[in-house]
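Here are some notes to read with the model open. Please follow each point on the structure as you go.

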Amino acid sequence: MNNKINKENLFGRVIKSITGLEKDSTEVKIIFKDGGEIIQNHKQEWSEEVYVEQIDGNVFMHEGAIIYELLEKVCSKDEIPEEELPSYSNSLTATFYTLKTSRGYLDWRWYGES
């Protein structure tokens with residue numbers, strides 16, 4: 001049985017636990033009561049850093065909640081205001097997630113640069 005779940009088949013699943021959703025984390029796991037899971041991570045190359053930069057909301061409040069939707073928005077260096085960019089970055093990507101559950105919203109942002 002394949003326990004990997006993608007964001008298209010999340011609706012109605014119940015969250016058992018969320019781990020790694022904290023600042024500077026390099027892996028986030030959402031485990032569901034039915035045994036499925038979503039794992040977010042990035043195999044980093046030698047010249048890059050990818051990590052969770054920001055979390056808005058109470059992660060543990062969503063344990064036991066029903067998922068309605070997971071939204072994703074990816075922003076490249078060209079889409080970020082110049083005054084917010086580090087001067088040393090050759091490449092930058094910010095990926096924003098919004099998890100909508102029966103208990104509200106949980107937002108987090110992955111940050112990657114090289």
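1. Two residues are said to be in contact when heavy atoms of theirs lie within 4.5 Å. This meaning of contact is used in the points below. The model is a predicted one.

2. Start with the whole chain. The protein chain has zero helices and seven strands, so its elements read β-β-β-β-β-β-β from the N terminus on. Of its 114 residues, 33% are buried. The accessible surface of the protein chain is about 7200 Å², and carbon and sulfur atoms account for 47% of that surface.

3. Contacts can also be sorted by separation in sequence. Taking contacts in the protein chain between residues at least 6 apart in sequence, 59% link residues that are at least 24 apart.

4. Next, one of the sheets. Three strands make an open sheet, ordered β1-β2-β3, with antiparallel pairing. β1 (15-19) and β3 (37-41) are at the edges and have a single partner strand each, so one side of each lacks a neighbour in the sheet. On average, neighbouring strands of this sheet are turned by 10° against each other, with direction ignored.

5. Within that sheet, look at the pairing of β1 with β2 (residues 27-32). These two strands pair in the antiparallel sense over four bridges. Which residue of β2 stands opposite serine 17? That residue is isoleucine 31. As background, strands of a sheet pair through backbone hydrogen bonds, and the pairing may be parallel or antiparallel.

6. β5 (residues 67-76) pairs with β6 (residues 92-101) in the antiparallel sense, over nine bridges. β6 also pairs with β7 (residues 104-113), again in the antiparallel sense, over 10 bridges.

7. Valine 74 stands opposite threonine 95 in β6, and threonine 95 in turn stands opposite tryptophan 110 in β7.

8. Last, a residue in a loop. Serine 25 lies in the loop between β1 and β2. Is serine 25 buried or exposed? Serine 25 has 12% relative accessibility, and buried means under 20%, so serine 25 counts as buried. Which residues does serine 25 touch, leaving aside its neighbours within four places in sequence? Serine 25 is in contact with Gly20, Tyr51, Val52 and Trp110. Trp110 is the tryptophan of β7 that stands opposite threonine 95.

Key. Residues are numbered from 1 along each chain as its sequence is written. This is a predicted model: local features need pLDDT of at least 70, side-chain atom pairs count only at pLDDT 80 or more; totals for chains, interfaces and linings use all residues. Side-chain values use heavy atoms; hydrogens and water are left out. Two strands pair if DSSP finds at least two bridges between them. Axes are lines fitted to C-alpha atoms, for helices over the stretch in contact, and angles run from 0 to 180 degrees between N-to-C directions. Buried means under 20% relative accessible area, exposed over 50%, partly exposed in between (1.4 Å probe, protein chains only). Accessible areas come from the Shrake-Rupley method with a 1.4 Å probe; for residues, only the protein chains shown count as cover.
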